[in-house]
Amino acid sequence: MTGWWRFTAIGALVGVMMLALGSNPGLAESRAHVYLLRGLMNIFSLGMDTLSEELNRRGVYATVHNHTEWQSLADQAAAKYKAGTEGPIVLIGHSLGADAVMEMADYLGRKGIPVALVVPFDGTQSLSASANVARVVNLTQRDYAYMRRGAGFRGSLSNVNVSSDPNIDHLNIDKSPRLHARVISEVLAVVGGHRMAVPGALGTPRPASISAPTPNGTDAGTRAAPGGDAAKPEGTPAAPAVPVIPATPTKSGDGAMNSTNVLTPVAESGTPIIALPERSSSGMRANFDGPATAAAPRKPAVTPPAVDQAQLPN
């Protein structure tokens, strides 16, 4: 009996701990973070800003920084990763920022923090990938800036040389839409579901649309009844019928009316014959501009009285 109570108490304690962990926002699933570092003087690498905006629109948390801040950023990333609030970590940089992300990855490795992806855009020198990095995609147009495998590196390393493209140089390589698309696909592949809840982002539920009221008071989303009218509560009076106004016949290039209700005869030569409306046997006259109307009554002719010539004065 004592063993049964002990088992029940342990089960209840485990249940309470699970509820506490699930309700603690600090222990929720970590969020991926992409750090983008600009190059010289923090003004020549604005492609990093554009890439950051593109990633954030897809629900990937991305921030842009000066390349000189890489060590303080690494300390912050390490603390957040150990707290379970940040990860995977992705590093992207251009020019001196490309050199900085390689150094930042190595520094994080010395702290025991893994880095999922490093993407240098045309760095100024060749550097080694550290053992804590899972993948390096080096985009460059300089053969002396190839990245190489460091001691203990077990990940994948790709040096992508774009020097054959005459439209790409060191100052605009970070702004290339083609390379941005490549980097975005690489980032999405490693972050998985560690994204932000951004309305409209891929995989994020969109807010329900609100039905606009129609003129008869029903919602646009109301289903139609079998008769064709929208479903209405029982006893609701029907809306008054709207009279249908026939469309005014139009003329074609030859002057003939294009209408199924009004037929204008055409002579063999192709010239339309325009005739006055005919009088019907009921005294009604056809009216092309509206319904048939009664013809005005004809006034009787007034005959002057006869004058006797004998009564006229001489």
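Buried means under 20% relative accessible area. Asp-174, at 0%, is therefore buried. The legends below describe close-up views of a predicted model.

**View 1. Asp-174 and Lys-175 form a salt bridge.** The closest N and O atoms of Asp-174 and Lys-175 are 3.1 Å apart. Asp-174 is buried, with a relative accessible area of 0%. Lys-175 is partly exposed, with a relative accessible area of 37%. A search of the whole structure finds eight salt bridges.

**View 2. Asp-165 pairs with Arg-178 in a salt bridge.** Their closest N and O atoms are 3.0 Å apart. The pair links distant parts of the chain, 13 residues apart. Asp-165 sits in the loop between strand E8 (156-161) and helix H5 (177-191). Arg-178 is in helix H5. Asp-165 has a relative accessible area of 18% and is buried.

**View 3. A salt bridge joins the side chains of Asp-75 and Lys-111.** The N to O distance is 3.5 Å.

**View 4. Trp-70 and Tyr-107 form an aromatic pair.** The structure holds one such pair. Its geometry is edge-to-face, at 5.7 Å centre to centre and 80 degrees between the planes. Trp-70 lies in helix H3 and Tyr-107 in helix H4, so the contact ties together parts that are 37 residues apart in sequence. Trp-70 counts as buried at 17% relative accessibility. Tyr-107 is buried too, with a relative accessible area of 14%.

**View 5. The charged end of Arg-31 sits over the ring of Tyr-61.** The distance from the charged end of Arg-31 to the centre of the Tyr-61 ring is 3.8 Å.

**View 6. Five residues form a nonpolar patch on the surface: Leu-40, Met-41, Ile-43, Phe-44 and Leu-171.** Together they have about 520 Å² of accessible area. Met-41 is placed in the loop between strand E1 (31-38) and helix H2 (47-57). Met-41 is exposed, with a relative accessible area of 57%.

Conventions. Residues numbered from 1 in each chain as written. Predicted model: local features only at pLDDT ≥ 70, side-chain atom pairs only at ≥ 80, totals over all residues. Heavy atoms only, no water. Patch = residues over 30% accessible without salt bridge, like charges linked within 9 Å, V, L, I, M, F, W, Y side chains within 5 Å. Areas by Shrake-Rupley, 256 points an atom, 1.4 Å probe, with all protein chains shown as cover. Salt bridge = Lys/Arg side-chain N within 4 Å of Asp/Glu carboxyl O. Helix = DSSP H or I, 4+ residues; strand = E, 2+ residues; numbered from the N terminus. Buried < 20%, exposed > 50% of the residue type's maximum accessible area, 1.4 Å probe, protein only. Phe/Tyr/Trp six-rings, centres within 6.5 Å; stacked < 30°, edge-to-face > 60°. Lys NZ or Arg CZ within 6 Å of the ring centre and 35° of its normal.
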